[in-house]
Amino acid sequence: MLLFLGVSGARAAEMRVTLLGTGTPTPRLSAFSASTLVEAGPEKLIFDFGRGSTIRLFQKKIPIGAITAHFITHLHSDHVVGLPDMWLTGWIGTPFGSRKTPMVIFGPKGTVAMTENLTKAFSEDIRIRIADEDYPPAGVAFAAKDVEPGPVYEKNGVKVSAIEVNHGEKIKPSFGYVIEYDGKKVVLSGDTKPDERVAKAAGGADLLIHEVAVIDPELFKTYPNYRAIENHHTSPEEAGKIFTRARPKLAVYSHIVFATHSPTQDVPEDALLARTRTSYRGPLVIGRDLMSFVISDKVESFAPDGSPMKPLTTEK
C-alpha cells in the first residue's frame, strides 16, 4: 500500500530540495522537464511544472494537493506543460490530491491570463466533477499573481524572491528565484544566459541550482533553430564562472540541455564535468531526477534512491 506523507519531509531547521525534473522538452525517460520541490518548515514549494512533475511527487509520496505555493520562472512550454495536471489531479479526492483551497501560483506577466484560460478550457471537467463527485469548487480555483522582481512570498519564516534573468531579448520577463529560511539560502537560476545577477543573488548560498547547455554544432546545419536555443542558455564554462563568483556551498546542474545528432536517453556526465572544471573547481553535482539535497549546518546530497552521495569534484 502506497502511503502519502502528511507532513514535510524536511525537519524544522532544515531545507530539503528535490529535483523533480532536470531535463528539457526532449522526451527523455530519465529526465522529465523542469521542476523543483523546496521544503522548508511547513512549506512545500514547487518551482515550474515540467512534464511528469506530478509523477515525481507521487514517487516521493508527497500529495499534489499539499503543495502550499507554486512558482513559474517563465512561460516556455516545458516549464508549464505540467500545470494542468498539477492543478486538476491535485484537486480530485484521493490520497495524492484533495486540494480544498485555491491553488496559489506566482509567475511572470501572463500567468494570471494562463490560469483564467485553463479554467475555461477545462470547464466541462470541472462542472462534471463538482456535480458527480462533490469536490469543493475552492480546490479548483486559482489564486494567481503576475509578479515583478523582488519579494513575492513570505510565510512561516520562508521568503521567496524573484530575480530577473537574461533568457534572451524576446523572453521577458524571465525569473530565477531565491528561497530563504532560517539563515539558509537556495538559488534557482531559471533559464538564463550567463547573468551576473544570478552570481550576485547566489553569493554565499547553500545551494545554487543552475541550468546548462551543450549542443553539437553539427545540429546547426540541419536544425538552425538550435543556434537560437544555444544563445538563450549557459555553457558549462560560463556556468563555472558563475559558480566561482558566487562560491555556493554546493553547485548543482539542472535543466540540462544536451543535444546531439543521435539523440541519447541519458546525459554524459564526463563532458559536462570536464568543461565546467576549466572555470570552477568547487563542489558540483550534475542533477538527476529525484536527487535531493538537505541543508542544515551543512549541505548533504542524496541519489535518486535516497543513498548518500558526494559531489563530483571538490576544491583543492
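The following paragraphs go through a predicted model of one protein chain, from its overall build to a few individual residues.

The protein chain contains 10 helices and 16 strands. Its radius of gyration is 19 Å, close to the 20 Å that the globule rule gives for 316 residues, so the chain is as compact as a globular protein of that length. Taken along the principal axes, the box filled by the C-alpha atoms is roughly 60 × 50 × 40 Å. Of the 316 residues, 53% are buried. Contacts also reach across the sequence: among those between residues at least 6 apart, 66% join residues at least 24 apart.

The surface and the charges can be described briefly. The accessible surface of the protein chain is about 14000 Å², and carbon and sulfur atoms account for 56% of that area. There are 37 positive and 37 negative side chains in the protein chain. The centres of these two sets lie 3 Å apart.

One part of the chain carries a record annotation. An unreviewed UniProt entry gives "domain: Metallo-beta-lactamase" for residues 32-232.

Two loop residues show how separate parts of the sequence come together. T101 sits in the loop that runs between α3 (83-89) and β5 (103-107). Its C-alpha atom is separated by 8.5 Å from that of P137, a residue 36 places away along the chain. Once neighbours within four places in sequence are left aside, T101 is in contact with A138 and G139. A141 belongs to the loop between α5 (123-133) and β6 (142-146). The C-alpha atoms of A141 and P102 are 4.7 Å apart, although 39 residues separate the two along the chain. Apart from neighbours within four places in sequence, A141 has contacts with W87, P102 and M103. Is A141 buried, partly exposed or exposed? Its relative accessible area is 29%. Buried means under 20% and exposed means over 50%, so A141 counts as partly exposed.

Where do they lie? K61 is in the loop between α1 (53-59) and β4 (69-71), whereas H255 is within strand β12, which spans residues 250-259. Their exposure can be read against the same cut-offs. K61 has a relative accessible area of 35%, so it is partly exposed. H255 has a relative accessible area of 7%, which is under 20%, so H255 is buried.

A further backbone feature concerns a proline. The peptide bond from K172 to P173 is cis, and its omega is near -5°. P173 lies in a loop as well, the one between β8 (158-164) and β9 (175-181).

Methods: Residues numbered from 1 in each chain as written. Predicted model: local features only at pLDDT ≥ 70, side-chain atom pairs only at ≥ 80, totals over all residues. Heavy atoms only, no water. Helix = DSSP H or I, 4+ residues; strand = E, 2+ residues; numbered from the N terminus. Rg over C-alpha atoms; globule rule 2.2 N^0.38 Å. Buried < 20%, exposed > 50% of the residue type's maximum accessible area, 1.4 Å probe, protein only. Contact = heavy atoms within 4.5 Å. Areas by Shrake-Rupley, 256 points an atom, 1.4 Å probe, with all protein chains shown as cover. Lys, Arg positive; Asp, Glu negative; His and termini not counted. Charge placed at Lys NZ, Arg CZ, Asp CG, Glu CD. UniProt positions renumbered as here; feature names shortened; annotations may be inferred.
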